Amino acid sequence: MKYLAAFFCIVFFAFSCSKSEKTSVKQSKLNYHFDEVYNNDLDKNQKLEHLDSALVLVNTFSDTDSLKIVNYFKIANRYDALLEYENYFSVVKEALKLSKIQRDSLSIAKAQYYIGDYFFYTSRNDSAYYYYLEAKKKYDRLDDKFNLAKTMLHIAYVYLYEKDFLGSEAQTIKVLNIANEIQDQGLIYECYVNLASSLSGMKNYEKALEYHFKALEKVQKLELEAELYVPIYEAQVLNNIGYVYINLNEYSKALENYSKALQVENFKNLHPILYSSILDYSSYAKFKLKNKDALRGFEESLYIRDSINDTAGKIKSRIHLTEFYLSQKDTIKALALNNEAYKLAKESNYNKEVLSALEFLTVTDPLHGLKYAQEYIVLSDSLNDLERATRNKLARIEYETDEIIQEKQEVINQNQLLIIISLAVLLLGVLFYVFLNQRNKQRELILKQDQQKANEEIYNLMLDQQTKISEVRNAEKDRIAKELHDGVMNKLASTRLNLFILQKRRDDATIEKCIGHINDIQNIEKEVRSIAHELNNEIFSDKNNFDSILEELIAEQNRVHSSSCSLFIAENINWENIEAKVKMNLYRVIQEALNNINKHASAENVFIEISLEKGDLKMVVKDDGKGFNVSRSRKGIGVKNMIERAKAINGALSIDSKIGKGTALTLKIEV
């Protein structure tokens with residue numbers, strides 16, 4: 001036994017190791033594909049092929065494996081980096097679905113946060129706001145302050161995008177308080193950046209610069225996991241500072257900050273979107289300073305943005321080049337570029353850029369200037385209305401979400417009260433039951449004693465009754481035996497002797513004399529039938545031997561005839577509850593059916609089944625014989641007898657047969 005247990009342990013350990021090894025191999029392959037996505041020697045299509053391979057591998061993981069969710073998020077992050085937002089969304093939805101199956105609250109919150117990012121990237125800020133709020137509630141319940149703060153900051157980004165600068169500022173200050181509490185320097189940096197952007201939106205450029213310089217100071221002290229990214233953060237802040245100086249028309253200071261940002265090593269490969277944006281605004285500052293090198297920067301930025309399909313960047317570059325060529329009096333190029341910017345902005349719903357393009361179209365295409373000016377006014381008014389409507393919608397979403405939370409809390413409180421009341425009632429019920437139970441136990445003791453005496457008396461009465469029944473049965477058997485012996489046997493012997501003379505004499509007188517004795521045989525037959533009828537009724541009234549009677553019938557069938565006959569009787573049939581009359585007629589129907597099969601069917605196999613169906617007794621006799629046409633065949637005496645027997649016991653008999661496919665006889669009896 002010890003060796004057997006040891007063997008199973010070894011097998012289980014080997015299986016576990018094998019499973020762990022397979023998972024490890026899969027993860028190694030995944031890590032290779034993940035690393036290749038960040039390989040700057042590969043183009044975008046090659047990186048996407050690695051991500052597709054990674055996704056195929058991840059889908060082979062079990063839905064109960066937590067690594068599957070982790071790897072889904074890794075794939076989503078890389079689709080995000082490649083600006084493949086639809087693929088990003090598809091993977092995140094799978095992560096959310098799987099997180100709900102595994103009831104992983106943290107992963108559910110993370111997936112909702114990612115979905116919020118998707119809607120934010122695709123300028124559907126009401127949906128983004130909803131999912132950020134959902135994630136925020138879950139992080140709040142989980143007391144995950146870092147992710148709570150990150151989500152709240154993204155809500156502030158939504159406010160900023162919808163030009164609710166005060167709302168964005170207020171939300172960012174809340175995040176900043178949490179960031180200071182948990183001492184997360186990266187989060188503090190992001191808060192400074194968004195506060196500066198909110199202040200810029202309110203045209204408070206002096207205060208905006210103050211927070212931008214705070215962000216620059218903070219980023220220079222950051223100890224990020226990958227030092228490679230620290231210069232990128234610095235470049236981002238310098239870009240923001242340069243943009244503020246652009247708005248202040250201080251182009252020299254703007255160019256100074258843009259130039260510092262562009263000095264980041266391998267910047268173009270590390271972050272092409274940010275690089276092309278800084279290059280474009282640096283060229284714009286040069287253009288405003290009448291630096292002849294501006295055109296080269298504009299064209300390089302446009303080329304990069306076109307190659308990476310940065311839609312917003314493509315529009316902005318064309319608008320800047322439009323302004324540049326207008327200053328050079330080259331209205332043909334200016335008009336062509338502005339038309340491209342206008343078309344792209346319209347297709348992508350970048351309404352702010354549509355306004356900029358319309359403003360230039362009034363200059364580049366003066367013939368249609370009035371039309372463009374009217375379109376500009378209508379769009380500007382509608383955007384203002386849309387911004388107000390969106391801000392109201394965001395407020396309504398938050399209100400309705402809070403209202404739902406409040407309603408849920410009220411339901412929870414009501415349920416808790418009901419539970420307390422139910423427990424109290426249950427406790428009282430238990431106490432009352434114990435009290436009644438104790439009181440009734442004494443009564444039960446007395447009743448048990450009386451019941452025991454009554455049971456003894458009943459048992460003695462049953463024994464007496466059984467004895468009387470046995471005596472009556474034996475007496476009846478003796479009576480029938482005497483009748484057979486004294487009546488039938490004597491008459492048969494007498495008739496035999498009277499007819500014996502025919503062996504010696506066969507003249508007319510002797511034959512005439514013997515005819516009367518032949519008639520006596522018919523009388524004897526009637527007497528035998530009467531006695532047999534009485535005997536059969538007694539046999540079928542026996543409560544325990546009907547199964548054996550049927551088995552004897554089948555055994556006799558198999559012994560005498562060549563066909564193979566089998567019998568199945570359902571175990572749930574209680575023959576004690578079925579009248580003797582029903583059993584006798586059931587037996588006769590089976591007997592007649594077998595007789596017909598033996599005469600006409602030429603069957604090799606016969607199957608008899610007796611079962612209970614919805615409270616009714618059902619008997620089926622099937623054979624694989626030659627069958628017959630039921631509609632054309634006349635009913636013989638045997639079939640008529642079976643139908644009459646069925647009616648006598650409130651039954652219904654049906655016959656189903658096809659030529660060459662055997663016959664099935666079904667009898668249903670209400671019991």
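## Around Phe267

In this predicted model, Phe267 touches Ile232, Ala235, Ala261, Leu262, Pro272, Leu274, Tyr275 and Ile278, leaving aside residues up to four places away in sequence. Together with Ile75, Phe267 has the most contacts inside the largest nonpolar core, a set of 111 residues.

As background, nonpolar side chains in soluble globular proteins tend to be buried together.

## H9 against H11

Now for a pair of helices. H9 covers residues 185-201 and H11 covers residues 230-247; they pack at about 15°, with 11 Å between their axes. An angle under 35 degrees counts as roughly parallel, so that is what H9 is to H11. The crossing is left-handed.

On the H9 side, Tyr189, Val193 and Ser200 do the touching, and they meet Tyr233, Gln236, Val237, Asn240 and Val244 of H11. Sorted by class, this contact holds five nonpolar and three polar residues, with no charged ones.

## H22 against H23

H22 (residues 580-601) and H23 (residues 637-648) have axes that come within 10 Å and cross at roughly 160°. With over 145 degrees counted as roughly antiparallel, H22 and H23 therefore run roughly antiparallel to each other. Their crossing is left-handed.

H22 brings Lys581, Asn585, Arg588, Val589, Glu592, Ala593 and Asn596 to the contact, while H23 supplies Gly638, Val639, Met642, Arg645 and Ala648. By class, that comes to five nonpolar, three polar and four charged residues.

Terms used
Residues are numbered from 1 along each chain as its sequence is written. This is a predicted model: local features need pLDDT of at least 70, side-chain atom pairs count only at pLDDT 80 or more; totals for chains, interfaces and linings use all residues. Side-chain values use heavy atoms; hydrogens and water are left out. A nonpolar core is a set of buried Ala, Val, Leu, Ile, Met, Phe, Trp, Tyr and Cys residues joined through side-chain atoms within 4.5 Å. Buried means under 20% relative accessible area, exposed over 50%, partly exposed in between (1.4 Å probe, protein chains only). Contact means heavy atoms within 4.5 Å. Axes are lines fitted to C-alpha atoms, for helices over the stretch in contact, and angles run from 0 to 180 degrees between N-to-C directions. Helices (H or I, at least four residues) and strands (E, at least two) are DSSP runs, numbered from the N terminus. Angles under 35 degrees count as roughly parallel, over 145 as roughly antiparallel, 65 to 115 as roughly perpendicular and the rest as oblique. A crossing is left-handed if the near helix is turned anticlockwise from the far one by less than a right angle, and right-handed if clockwise. Ala, Val, Leu, Ile, Met, Phe, Trp, Tyr, Cys and Pro count as nonpolar, Asp, Glu, Lys and Arg as charged, and the others, Gly among them, as polar.
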